[in-house]
Amino acid sequence: MKILKIAAVSAVFAAQFTLAQFKQTPLPYAYNALEGSIDAQTMEIHYSKHGAAYASNLNKAIAGTPQEKENLIKILSETSKLSPAVRNNAGGHYNHELFWTILTPEKNTQPSAKLSKAINETFGSMDAFKEKMSKAGADRFGSGWAWLSVDKNGKLFVSSTPNQDNPLMDVVEEKGTPILGIDVWEHAYYLKYQNKRADYLSAIWNVLNWKEVSKRYDAALSKK
Ligand SMILES: [Fe+2]
């Protein structure tokens with residue numbers, strides 16, 4: 001009887017474990033690796049508390065629903081039909097997983113020649129692009145994100161979304177594949193920058209991982 005009970009408990013545990021499909025990937029650098037631009041305490045709380053909560057709350061929100069068997073991109077594409085809890089946490093999980101990768105302690109990474117050309121053609125220059133991106137983040141009222149994305153025709157565009165929405169969601173106006181996202185929630189910068197969001201937006205370029213953004217650009221184009 002006892003053995004049966006243990007087996008039953010193990011099966012439930014295994015099922016829960018299997019169904020908890022979304023989890024954080026390890027942060028690809030130390031919490032203090034971006035010091036100077038993003039402080040260690042902000043990174044630690046952001047990754048280990050906020051980031052972790054989006055993943056675990058997403059798993060809870062989809063438990064027992066068809067979304068449990070879907071991938072994240074599919075879930076994002078049908079948010080209009082899903083609960084606010086799924087929308088917020090699926091977006092939160094996707095957005096943060098992208099955000100960690102587009103930052104790096106490596107100095108002066110550069111966009112690929114192809115991405116550089118597309119940025120120049122679309123926005124006029126790299127400086128004009130950075131200005132547009134920073135403005136999208138600065139103008140976002142309350143919490144949200146600034147994005148560089150690739151649209152269905154393979155063209156780059158800058159946009160901003162509120163809360164944890166992103167350009168992959170069917171509910172947003174400007175749709176595309178995000179290749180760079182900047183978190184402008186206060187939890188991303190307030191300990192170091194307080195109310196000076198513009199200073200955070202200007203410092204983030206010092207730790208931007210252009211190699212990763214270029215890789216994501218190629219991947220987005222290859223899906224067209
Ligand atoms: Fe965040």
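Here is a short chat about the iron site and its surroundings in this predicted model.

Student: Which residues hold the iron ion?

Tutor: The protein donors are H46 (NE2), H96 (NE2), D183 (OD) and H187 (NE2), and they lie 1.9 to 2.1 Å from the iron ion. A donor has to be within 2.8 Å of the metal, so these atoms qualify.

Student: What makes the arrangement tetrahedral?

Tutor: Look at the angles. The 4 donor atoms subtend 90 to 132° around the iron ion.

Student: Where in the chain do H96 and D183 sit?

Tutor: H96 is in helix 4 (residues 84-101), while D183 is in strand 3 (residues 177-183). They're 87 residues apart, so the pair links distant parts of the chain.

Student: How do you know whether H96 and D183 are buried or exposed?

Tutor: Buried means under 20% relative accessible area. H96 has 1% and D183 has 0%, so both count as buried.

Student: What about the rest of strand 3?

Tutor: 7 of its 7 residues are buried, so strand 3 is largely enclosed by the rest of the structure. Strand 3 also pairs with strand 1 (residues 144-150) in the antiparallel sense, over 6 bridges.

How values were computed:
Residues are numbered from 1 along each chain as its sequence is written. This is a predicted model: local features need pLDDT of at least 70, side-chain atom pairs count only at pLDDT 80 or more; totals for chains, interfaces and linings use all residues. Side-chain values use heavy atoms; hydrogens and water are left out. Donors are N, O and S atoms within 2.8 Å of the metal (3.2 Å for Na, K and Ca); water is not among the atoms, so sites may look incomplete. Four donors count as tetrahedral if all angles lie between 85 and 135 degrees; four count as square planar and six as octahedral if opposite donors are over 155 degrees apart and all others between 65 and 115; anything else is irregular. Helices (H or I, at least four residues) and strands (E, at least two) are DSSP runs, numbered from the N terminus. Buried means under 20% relative accessible area, exposed over 50%, partly exposed in between (1.4 Å probe, protein chains only). Two strands pair if DSSP finds at least two bridges between them.
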